[in-house]
Amino acid sequence: MISNDDVKKIAKLSYLKLNEEELQKMEKDFSSILDYVNKLSELDASKIEETANLSIDKNVFREDEPCDQNNEAILKLMPHTKNNYLEVKKILGK
Amino acid sequence: MIDLTKLTIKQARSGLDGKTFSSLELTKSFFDKIKDADKKINAYISLTEGLALKQAEDADKMIARGEASILTGIPCAIKDNMMVEGEKCTAGSKFLADYTAPYDATVIKKLKDRGAVILGKTNMDEFAMGSSCEKSAFFPTKNPRDLDYVPGGSSGGSAAAVASDMCVFALGSDTGGSIRQPASFCGVTGLKPTYGTVSRYGLIAYASSLDQIGPFAKNSEDCKIIFNEIKGRDKMDSTSMDVMTHADDFNIKNLKIGLPKEYFGKGLDKEVERSVKDAIAFYEKQGAQIQEISLPHTPYALACYYIIAPAEASANLARFDGIRYGEMVAPEKTDDLIDFYLQNRSIGFGQEVKKRIMLGTYTLSAGYYDAYYKKALKVRTLIKKDFDKAYEQVDVIMGPTSPCLPFKIGEKMDDPLAMYLADIYTVSVNLAGLPGISIPIAEVNGLPVGLQIIAPTLEENRLFDIAESFEKNYN
């Protein structure tokens with residue numbers, strides 16, 4: 001089971017803010033999904049290897065070469081820019 | 001005058017090459033169709049009419065010069081999580097409502113190089129999280145067979161567009177069933193290729209170790225054509241690989257078909273079961289051997305999926321912070337960075353996306369990582385081994401694509417588990433990285449039923465041949 005406080009804590013870790021109604025619904029849905037996925041505890045997989053990737057079994061490298069890209073289009077997508085840089089909020093010196 | 005919107009790729013190709021009609025005429029007849037039929041169906045989020053008309057004119061020139069390839073001048077639809085340069089790309093989310101793609105996805109580049117015509121971008125559950133297309137931030141898409149029903153999801157817009165003749169073919173993406181399940185619900189053919197055969201570059205990521213792009217079409221021959229045009233290694237996707245095509249030595253008389261007993265148990269709709277068994281009886285009559293097999297870890301597949309996919313999603317969606325992508329209008333002005341993130345993410349994401357981000361955050365967090373995420377990766381190995389073992393005995397596996405018929409709009413919206421169960425037969429295939437195809441086999445009260453055929457890794461050709469034999473010989 002998962003408590004209201006747990007849900008608040010997970011929301012915070014996820015950088016999400018939920019209102020009271022969302023919190024309650026999330027608590028209910030979360031509990032039923034966790035109950036369901038807890039099925040996996042029935043299995044003993046202690047000696048089984050993990051599968052994280054299916055198509056490749058080694059690292060893939062390539063040369064780091066500059067390529068043409070549409071800088072103007074990318075800059076235009078940024079909410080705030082200054083002198084062709086992405087403008088972000090101040091995080092130091094507060 | 002023939003209805004140009006009903007043609008397959010092969011038929012359209014012969015009409016274009018024989019100068020019966022031009023690509024421009026073909027393209028315009030699709031826009032006429034869309035402007036009428038899509039008022040009710042809502043398959044498209046946006047139309048790319050300017051691009052399409054220019055591509056059609058270029059295609060006609062290519063054809064006149066004798067430079068046409070198989071897809072030149074053929075109109076298609078693209079799920080709205082694949083980037084088409086200069087066009088909107090929303091992934092069904094408010095977060096990206098005003099996002100314009102700054103480059104082409106590799107699959108789009110390939111389609112453009114071959115002269116295909118892009119009609120528009122199709123609706124989907126937000127960030128591909130859903131099985132009904134109801135979780136699009138914009139509007140639900142309706143099932144063209146019956147407008148009271150969902151088209152399936154998450155690639156519901158692409159499936160509905162093919163089913164209602166609003167394109168010749170479409171691309172979708174499949175993370176846990178998002179091509180095969182809507183193909184089944186809408187009565188079209190949909191292929192989820194082997195993981196790694198089609199580049200994911202320019203596809204907005206949901207769960208990167210499971211996501212795979214594939215085609216929707218009117219038959220398996222068209223799916224084969226599209227797959228052959230979009231596959232191949234891409235230096236922009238390090239998980240992509242070259243596809244070895246196998247020699248075509250198919251003979252249905254030597255075919256061994258495995259039926260997993262776990263796919264015909266509790267929870268399967270009786271009418272769906274009957275239709276699937278009829279289709280299997282057809283193959284048996286053609287000379288195939290039918291064998292019951294077991295995939296013993298099937299009951300754990302959905303749980304495994306709902307740990308791995310949200311875990312990957314929580315990382316992939318961390319980039320949506322209001323600074324790099326689509327700033328939301330925050331209700332309160334703030335100078336605090338964390339508060340700014342919180343506000344943007346809380347407004348920008350829908351409920352289902354929030355739920356999956358939180359699930360993933362939880363199962364990856366300290367103290368839970370081993371019990372959930374690591375465990376799921378191990379169970380994934382067990383699921384994959386089930387298939388490896390089964391393919392020592394049989395050539396392909398068959399079963400229902402979906403446990404149920406299409407459901408009504410709104411029917412499963414409030415019950416997350418009921419919605420997740422719609423993917424029970426499709427998620428294992430993603431977890432194991434295998435190719436799977438859904439083909440329409442029957443209708444029950446006017447609602448389509450799909451048969452899922454699953455092959456070993458890189459055996460797509462086997463799927464196409466087996467599907468084609470049904471299309472040609474089943475009456």
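Q: How many residues of chain A are in contact with residues of chain B?
A: Keep in mind that this is a predicted model. Contact here means C-beta atoms within 7 Å. On the chain B side, 49 residues take part, and the number for chain A is 39.

Q: Which element gives the largest share of the side of chain A that touches chain B?
A: Helix 1 (4–13), helix 2 (20–37) and helix 3 (71–77) of chain A each give two or more residues to that side. By class, the side has 25 nonpolar, 7 polar and 7 charged residues. The largest share is 6 residues, and it comes from helix 2 of chain A.

Q: Which residue of chain A does C304(B) touch?
A: Leave out residues up to four places away in sequence. In chain B, C304(B) then touches A376(B), V379(B), R380(B), I383(B) and L431(B). From chain A, there's L40(A).

Q: Why is strand 11 of chain B largely enclosed by the rest of the structure?
A: L447(B), V449(B), L451(B) and I453(B) point one way, while P448(B), G450(B), Q452(B) and I454(B) point the other way. Strand 11 of chain B also pairs in the antiparallel sense with strand 9 over 4 bridges and with strand 10 over 8 bridges. It's largely enclosed because the number of its residues that are buried is 8 of the 8.

Methods:
Residues numbered from 1 in each chain as written. Chains lettered and ligands numbered in written order. Predicted model: local features only at pLDDT ≥ 70, side-chain atom pairs only at ≥ 80, totals over all residues. Contact = placed C-beta atoms within 7 Å. Nonpolar A, V, L, I, M, F, W, Y, C, P; charged D, E, K, R; others polar. Buried ≥ 20, exposed ≤ 12 C-beta atoms within 10 Å, placed from the backbone. Pairing = 2+ DSSP bridges.
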